[in-house]
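Colleague: Hi! I'm new to this one, could you walk me through it?
Modeller: Happy to, let me put it up.

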Amino acid sequence: MEHLRARKTGRVSVDPTSIVIPADLLPHDGRFGCGPSKVRPEQVLALAQSNQGLLGTSHRQPPVKHLVASVREGLKELFSLRKDWEIVLGNGGSTMFWDVATFGLIRNASQHYVFGEFSQKFADAAAAAPHLQSPVIEASDPGTHPAIKESVPEGVDVVALTHNETSTGVMMHLKRPDGDALVVVDATSAAGGLPWVPDEVDVYYFAPQKCFAGDGGLWLAACSPAAVERIREIGHSNRWQPASLNLMTALDNSVANQTYNTPALGTLVLLNEQIGWMLSHGGLDFCISRTRSSASRLYGWAERSDYATPFVADPMQRSTVVGTIDLDPSISANDVCAALRANHIVDTDSYRKLGRNQLRIGMFPAIEPDDISALTACIDYVVGALA
Ligand SMILES: *Cc1c(COP(=O)(O)O)cnc(C)c1O
């Protein structure tokens, strides 16, 4: 019986990778990662087509500049931004943007709402910057978020929020506190899948490998007029800034539909195609309704299940783009993930540092809600086979 293996306990258990899920239960697409995430085939077709006249050509010439312009205009339309907002972009992804922000957005001190790995990392970047004062931290336990305070502490000029904490599956309703501090939002896994009101925000930054179903390596930031003013104020001050992290340099290039140094053109093509798909189906409302449909299927299943439970207790904080589901201790989430992976259903693993017996499921707009339903049926099948 080679599909049975003996555990240290002496108990004999099923090798998860030997489990074969019946074909009629399988999702059409087995990619449920939270970034990189499912890329739609039409995006890859657009990439192949861009080999004619775009890929391999200069980013200082009209074909690529038109592509960058299309991305910038498409995002303004998707987020219903006023004309005086700017879409700024540069190389390096959201992680790079934290360093960009410590140089180019924070004047003296920032306040960080920390409720997971990603929000912690921006706080760490600000704490390490020698030219800034120590940041103010508002923290809460994993699976929750701290309530946004009505006012900002004395001396704080940037409030750092996270629209969706990808490490825990907690989403936050964005609200501007009283005062003049810039509201700077990590929207890496939220942008294009969750609602937000531009009046509540100054900088909404993200990368294309989550809701935009693209590839990593780029950061994009929607900047309000107040944010643009701050970028110019710090840019003209005598603060030293590395050129590749200089936000004013990125802004000046972006308004000319360029980047400071060479971008990955393929990343821009995939992103532009996804923005076009979102807009042609009804824009952000369409995306939100898809992610909500997926989320109600996933959490509804977990609530009905006798072995699965939504990790985030408060339904209002339960993310509709990244679902985290705790499993009963008698069922190993690692075994479930291994069985799913053997059946080409991939990246359902929890965030490693969270250290829970948990599944984490991407429910970005590109993912078919029917595939989320199929996934839950596959998990039920696997758990039955493991028992
Ligand atoms: C994925 C993610 C990041 C990191 O993005 P990179 O592009 O890999 O740097 C940062 N913040 C959040 C909320 C994320 O989900």
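Colleague: What do the side chains of Glu-117 and Lys-353 meet in?
Modeller: They meet in a salt bridge, with N to O at 3.4 Å. Keep in mind that this is a predicted model.

Colleague: Okay, and how many salt bridges are counted between domain 1 and domain 2?
Modeller: The count there is one. For polar contacts, nine residue pairs turn up across the interface of domain 1 and domain 2, both partners at pLDDT 80 or more.

Colleague: Let me step back. Where do the domains run in the chain?
Modeller: The domain assignment gives domain 1 as 2-30 + 283-386, and domain 2 as 41-280.

Colleague: What separates their centres?
Modeller: 30 Å, taken over C-alpha atoms.

Colleague: How about the area buried between domain 1 and domain 2?
Modeller: That is about 2200 Å², and carbon and sulfur atoms give 64% of it.

Colleague: Which three residues of domain 1 supply more of its buried area than any other three?
Modeller: Leu-284, Gln-317 and Tyr-351; together they supply 27% of the area that domain 1 buries against domain 2.

Notes: Residues are numbered from 1 along each chain as its sequence is written. This is a predicted model: local features need pLDDT of at least 70, side-chain atom pairs count only at pLDDT 80 or more; totals for chains, interfaces and linings use all residues. Side-chain values use heavy atoms; hydrogens and water are left out. Domain bounds come from an automatic or database domain assignment. Buried area is the accessible area (1.4 Å probe) that two parts lose on being put together, summed over both. A salt bridge is a side-chain nitrogen of Lys or Arg within 4 Å of a carboxyl oxygen of Asp or Glu. A polar contact is a pair of N or O atoms within 3.5 Å; within protein, one must be able to donate a hydrogen and the other to accept it, and residues adjacent in sequence count only if both atoms are side-chain atoms.
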